[in-house]
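Student: I would like to learn how to read aromatic contacts in a structure. Please show me one.

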Amino acid sequence: MNEHRSTITKQECSLPVGEHFSSHGHSASDLQTNVAVVHSLPQEVKIVEVGARDGLQNEKVIVPADVKIKLINLLSEAGLSVVEATSFVSPKWVPQMADQKEVMQGIRKYPNVSYPVLTPNLKGFETALQAGAKEVAIFGAASEMFSKRNINCSIDESLRRFEEVMKAAKDLSIPVRGYVSCVLGCPYEGNVSPVKVAEATKKLYSMGCYEISLGDTIGVGTPGSMQEMLTAVIKEVPVSALAVHCHDTYGQALVNILTALQMGICTVDSSVAGLGGCPYAEGASGNVATEDVVYMMNGLGIHTGVDLQKLLEAGAYICKALKRRTSSKVAQASCKL
Amino acid sequence: MRLANFSDTLMQCGLRNFVHVTCCSLERVSGITSKVHGDVACHGTSFELWLLQVTYINHEVKKNVTPALPEFVKIVEVGPRDGLQNEKVIVPTEVKIKLINLLSETGLSVIEATSFVSPKWVPQLADHTEVMQGIKKYPQVCYPVLTPNLHGFHAAIKAGAKEVAIFGAASETFSKANTNCSIEESMLRFEEVIRSAKDGNIPVRGYVSCAIGCPYEGNIAPAKVAEVAKRMYSMGCYEISLGDTTGIGTPGNVKKMLEAVVKEIPKSALAVHCHDTYGQGLANVFVALQMGISVVDCSVAGLGGCPYANGASGNISTEDVVYMLSGLGIRTGIDLSKLMEADHFICKALNRKTNSKVAQACYKP
């Protein structure tokens with residue numbers, strides 16, 4: 001018997017195998033999928049809190065800068081490690097974010113917390129940096145029509161704009177997070193092919209984004225389509241560089257997040273109090289509520305570092321300011337956690 | 001090298017819980033190895049180990065992680081009973097009858113119609129006899145009713161019921177607070193009902209409340225849930241619905257509870273009844289499906305708040321469940337648009353907004 005002992009680990013088993021061989025009759029790609037699924041749930045999940053930006057951006061009531069600042073400070077104190085602060089987009093497009101500089105300069109910057117901001121182009125990037133931003137985010141789409149309607153240019157054109165931002169960011173060692181919208185469906189095109197999502201994701205990753213957040217923009221996804229999409233994307237981009245940004249428009253967000261976790265994703269975007277409706281379905285909900293996500297993580301024994309009680313306080317604060325009811329079920333039920 | 005030696009080698013390489021791979025002999029493994037790797041020197045042990053390990057993982061995947069989801073899920077619609085029971089606004093009999101008729105037309109195969117419990121306890125369902133007699137009974141649809149005791153059972157049969165349900169609990173305190181008797185006493189009452197039901201060939205469905213947590217006792221041990229469920233199954237219930245009454249469950253503890261219960265009862269006889277009080281409903285249903293459960297209770301429009309958390313939601317909404325199942329390619333037989341019509345009807349009558357996210361997103365007046 002050969003004395004050579006192998007120390008092959010499960011990770012190494014995703015070696016590409018050219019031919020069908022398994023005695024169980026699975027193809028290699030099935031095996032790769034199965035191996036991806038075999039990862040047990042992550043021990044730790046990073047929550048990216050988007051309430052102050054994505055959430056507020058989609059709320060009708062405009063809140064003053066000091067309210068935004070207080071919200072972000074409360075979120076920082078809740079143990080979140082990433083709090084998306086604002087968006088350096090023209091106030092003409094997003095009036096809610098007109099006070100972007102004031103907010104960026106007014107918030108208390110905790111040492112263990114990042115405050116990424118959206119920068120749709122070089123101008124926005126430069127303004128963001130001037131205002132003190134240390135991390136930025138860029139937004140791509142997997143749907144051509146969505147790209148044109150949302151930012152008035154094709155996917156390729158948007159990527160060219162982003163390259164300028166990436167270059168400037170690299171020069172200054174500013175990390176850039178990428179977003180891909182419409183990963184599970186588009187309000188204009190309908191179904192979006194997983195291959196298209198993988199392509200857009202790979203481009204952003206190759207350009208230098210350290211992480212890509214895959215957004216189910218209209219919340220139509222279910223665990224089936226989530227799994228299919230992630231299977232395609234994971235072939236192109238390491239799972240550790242991926243995040244999911246699930247909308248709860250059809251009530252599927254938490255189950256989609258669970259599916260993503262089962263596939264090895266360990267970064268999840270969510271919005272305190274589930275702020276931010278859906279601009280594509282009137283009266284519908286949008287972002288998944290951070291409280292509900294954290295509740296699920298806690299129940300699964302997954303560490304997030306978030307203090308749910310403090311998070312609930314932040315949610316209560318902003319809902320009062322917005323004069324609206326929370327969208328978080330945990331918050332609705334709570335008070336006796 | 002014989003397979004036995006191979007097992008030793010694998011164990012020494014750190015593969016614990018090695019699943020004996022009966023399907024491939026070493027020769028076959030070697031043969032495949034050289035075919036796949038062609039001119040790559042197949043270093044006997046290391047590649048074969050890799051191959052067997054991959055096969056082992058595959059086997060483990062099938063065993064542990066993601067067993068195939070069911071192809072068909074039976075939805076048990078509890079809106080007219082569990083839903084309405086927990087709504088503040090009392091709706092007239094004709095509204096209940098119309099709701100049930102609308103639901104019958106959606107393709108649902110089980111619609112819990114009412115409860116033969118004393119009107120003193122549940123005023124919403126005081127019209128149980130009229131509702132039972134007034135609904136249109138579609139041939140492919142069952143209309144089970146709750147019967148807490150023999151008296152209720154007889155009234156139900158007289159009113160035309162062909163299937164009944166009984167409610168146990170995995171928490172002693174909850175049993176006493178909810179039905180004024182201990183778990184043991186409730187089982188004795190149920191034995192009477194089941195005996196009569198057997199005589200009349202009436203199928204009996206069992207419910208176990210507080211399968212994850214209890215508003216009074218807190219966390220409930222999975223073993224206790226398994227014990228109560230087993231008791232009810234042995235007594236003759238054809239199906240046991242495991243209820244996360246307070247909605248505190250998450251996929252982690254739902255899985256643990258189900259693992260304990262499936263040791264005692266066949267999966268095909270189990271259902272989950274998840275509440276959405278903390279937003280965990282669908283995720284919990286999904287985990288149950290992954291474990292082979294294929295019967296899910298839910299309530300149109302997510303009717304029925306939670307009596308234990310003021311202002312909180314209760315049942316998961318049937319539309320949201322059907323949406324998820326449909327996206328997963330799992331058949332339910334249900335027409336989602338007709339379901340949303342039923343939702344719209346009852347919410348208007350109750351003067352409330354739907355709890356279903358799907359209905360909120362889709363409905364265009």
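**Aromatic pairs and charges over rings**

Tutor: Start with one residue: Tyr207(B) is buried, with a relative accessible area of 2%; buried means under 20%, exposed over 50%, and partly exposed in between, using a 1.4 Å probe and protein chains only. This is a predicted model, where local features need pLDDT of at least 70, side-chain atom pairs count only at pLDDT 80 or more, and totals for chains, interfaces and linings use all residues. Residues are numbered from 1 along each chain as its sequence is written, chains are lettered from A and ligands numbered from 1 in the order written, and side-chain values use heavy atoms, without hydrogens and water.

Student: With which residue does Tyr207(B) form an aromatic pair?

Tutor: Rings of Phe, Tyr and Trp (its six-membered ring) pair if their centres lie within 6.5 Å; planes under 30 degrees apart are stacked, over 60 edge-to-face, and the rest tilted. Here the partner is Phe167(B), at 4.3 Å centre to centre with 10° between the planes, a stacked pair. Phe167(B) is partly exposed, at 25% relative accessible area.

Student: Which charged residue lies over the face of Tyr207(B)?

Tutor: A charge sits over a ring if NZ of Lys or CZ of Arg is within 6 Å of the ring centre and within 35 degrees of the ring normal. Arg81(B) lies over the face of Tyr207(B), 5.9 Å from the ring centre.

Student: How many aromatic pairs are there over all chains?

Tutor: The whole structure has 6. One of them is stacked because the rings of Tyr295(A) and Tyr278(B) have centres 4.8 Å apart and planes at 10°. Both of these tyrosines, Tyr295(A) and Tyr278(B), are buried.
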